[in-house]
Structures are given as C-alpha cells and as structure tokens.
Amino acid sequence: MNFLIINGPNLNLLGVREKSIYGEVSFETYFEELKKMYGKIQLEYYQSNIEGELIDEIHRVGFDYDGIILNAGAYTHTSVALGDAIAAVNAPVIEVHISNVHKRESFRGKTMIGKDCIGTIAGFGLDSYRLGIEALLSRLD
C-alpha cells in the first residue's frame, strides 16, 4: 500500500511555530515514527507553501496511490481548487488538522475541501495523522 501525507502552508515550521497550538516536535521527526509504526506501508511525505504545488502533488499520486492524508493548513478554508483536485482523483483523501479548528477563530471551522474528502480528523495533535492512516486502512480492508 502507498499512502502520501501532504502538508500545506506553514506546516514546515512544526516544532518551532506556535508551540502551544502545534507542539514542539517537527513533522520530520514524527514522520520517522510513523514509518516505523507502519513498516508494511509505503509512506511518503510532501510539504509545500504553494497552493498549485499541492494540487500538482494530488494529481501526481491521486490515480496510483491507495490514499492521501491532507493537512491543507489555511488553504482548507479558502481553496476551491484543492477541493476540485481531490474530487478529480481516485485515491481516498482524509482531511486532518493538528488543532481542533472548531475551538479557534470562526473562519477555521469552514472547510472548502471537506466535502471532497472521505472524512476529517481534527484536534488530536500530530496523532491526527496516525488516526488518518488508521481510517484509510480500515476503509481499504
């Protein structure tokens, strides 16, 4: 099985930005833990701060991979184009968020991509990604 984790804008700063919200661990460190936990799955990771590059990556893997876990960051709340990209591909997509977006600013409760994803996981810190993997695995069994 091949899963791709995609992180959007500013998530390259995990571990150094707003630690009270996002924690102190870099995503690269956490990703290494995930790869050890799920050794039988081919896990890949991609991050970009650029909306078009995120769309290109969804297009690149969306017809060949078994699933995508997407934290679109702030693009979650603004990007019709990301939603269109998700709807255009065959791979199931799980929307994830580190923080509970419903406990933050009101605009964060709106998702422009959620309707095109098979589900949303939010508020469990970095563990939201592991829960996303578990959700994909249960769907594919």
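Mentor: Two strands pair if DSSP finds at least two bridges between them. Strands are DSSP runs of E, at least two residues, and helices are runs of H or I, at least four, numbered from the N terminus. This is a predicted model: local features need pLDDT of at least 70, side-chain atom pairs count only at pLDDT 80 or more, and totals for chains, interfaces and linings use all residues. Residues are numbered from 1 along each chain as its sequence is written, and side-chain values use heavy atoms, with hydrogens and water left out.

Trainee: How many bridges join strand 1 to strand 2?

Mentor: Six, and the two strands run parallel. Ile6 has Tyr46 as its bridge partner in strand 2.

Trainee: And how many to strand 3?

Mentor: Five, again parallel. There, Ile5 stands opposite Ile69.

Trainee: Is strand 1 mostly covered or exposed?

Mentor: Mostly covered. Five of its six residues are buried, meaning under 20% relative accessible area with a 1.4 Å probe, protein chains only.

Trainee: Switching to helix 2. Which residues are buried there?

Mentor: Phe27, Tyr30, Phe31 and Leu34.

Trainee: What do they pack against?

Mentor: Strand 1, strand 2 and helix 5. Contact means heavy atoms within 4.5 Å.

Trainee: Where does UniProt place the active site?

Mentor: At Tyr22 and His97, in an unreviewed entry. Such annotations may be inferred rather than shown by experiment; positions use the numbering here, and feature names are shortened.

Trainee: Why does His97 count as buried?

Mentor: Because its relative accessibility is 5%. His97 is found in strand 4.

Conventions. Buried means under 20% relative accessible area, exposed over 50%, partly exposed in between (1.4 Å probe, protein chains only).
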